[in-house]
Amino acid sequence: MTKTEYIWMNGELVKWDDAKIHVLSHVVHYGSSVFEGMRVYKTDKGPAAFRLNDHTQRLFNSAKIYRMKIPYNVDDLNEAIIKLIGVNKLEECYVRPVAYRGYNSLGVDPSSCPVDVAIAVWPWGQYLGEEALENGVSVCFSSWNRIAPNTMPAMAKSGANYANSQLIKLEAISHGYAEGIALDIHGSVSEGSGENIFMVRKGALVTPTFAASILPGITRSSIIKLAEAMGIKVIERNIPREALYLADEVFFTGSAAEVTPISRIDNIQIGSGKRGPITEKLQKAFFDIVRGKVEDKYGWLTIIPKYKEVTV
């Protein structure tokens, strides 16, 4: 991780190395946090945050599910993110806002603990490797299922939920794969440890529904919109495991993964074994927008102004 100069914590800018919490904070012991991940891209008009408001709103949605009252509103955090990127003088970066139960008591009941908020920004390259966007990645199905409905809320981007993601990722890496794909409790395809998944079959784009315990991905929704604009049929339905083996193309989407093709699953070659034509077409359309090469007709980009000085 590349350090930047400042982190925003509860309304104040603090130095990176001074951004600390107490070891007895509720979040450390119970995973009581909700968070976001979004990217800022370099464009000719300056740094541009991708779907900033949608990401911040999802943070508040996650907090609502977990009964966390964030002591700011969406506009407050959007403004803080914009300022933080500016004062750190970043042309492109990853943004991580997190709201968490802080220090007060250590019972399971978190009601008496404050809800603290922090935002960090730092440079981050391709999540699954520099060559992955073209050549794809080799992945496996995990022995760990995604969290079941009515156990933990899959639609919330919660730190506690990502204990499940860690198990999926660690298992995949231990077996020599770049990533793992989890099935839902019914045995249908769910998602990766931190990515939504799509397959291409006979020219149509197919992806699991929210009922498959997936996170409502913002990059996922962007790809659906781009596909529909291109006249590509989009189907949201249950997907059996073996359907991915037989797909013409398979790819991940996510703020970190962006649009990453999958070349092999369980050592079975998918399609041609590299990025397929529909994946490439959607990938190009996505990157052309976020990098400012074409008109931002969906209003997805927020240009970040430059900050010359900051008082801490």
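Where does Ser255 lie? Ser255 sits in the loop between strand E14 (249–254) and strand E15 (258–265). Helices (H or I, at least four residues) and strands (E, at least two) are DSSP runs, numbered from the N terminus.

Before we go on, a word on the model. It is predicted, so local features need pLDDT of at least 70 and side-chain atom pairs count only at pLDDT 80 or more, while totals for chains, interfaces and linings use all residues. Residues are numbered from 1 along each chain as its sequence is written, and side-chain values use heavy atoms, with hydrogens and water left out.

Back to our serine. Is Ser255 buried or exposed? At 16% relative accessibility, Ser255 counts as buried; buried means under 20% relative accessible area, exposed over 50%, and partly exposed in between (1.4 Å probe, protein chains only). Leaving aside neighbours within four places in sequence, Ser255 is in contact (heavy atoms within 4.5 Å) with Gly37, Met38, Arg39, His55 and Thr219.

Thr219 takes us to helix H6. Along with Ile223, Leu226 and Ala227 in H6, Thr219 meets Leu282, Ala285, Phe286 and Ile289 in H8. By class, this contact has seven nonpolar, one polar and no charged residues. Here Ala, Val, Leu, Ile, Met, Phe, Trp, Tyr, Cys and Pro count as nonpolar, Asp, Glu, Lys and Arg as charged, and the others, Gly among them, as polar.

Now for the core. In soluble globular proteins, nonpolar side chains tend to be buried together. A nonpolar core is a set of buried Ala, Val, Leu, Ile, Met, Phe, Trp, Tyr and Cys residues joined through side-chain atoms within 4.5 Å. The largest one here has 30 residues, and Trp8, Ile70, Leu84, Ile85, Val95 and Ile119 touch the most other members. Helix H3 gives the most to this core, with eight residues. A second, separate core of 24 residues includes Leu133, Ile224, Leu282 and Phe287.

Let's zoom in on Ile119. Beyond its neighbours within four places in sequence, Ile119 has contacts that include Ile7, Trp8, Leu77 and Val95.

Finally, H3 has a helix partner. Which residues of H2 meet H3? They are Leu52, Asn53, Thr56, Gln57, Leu59 and Phe60, and on the H3 side we find Val74, Leu77, Asn78, Ile81 and Ile82. Thanks, everyone!
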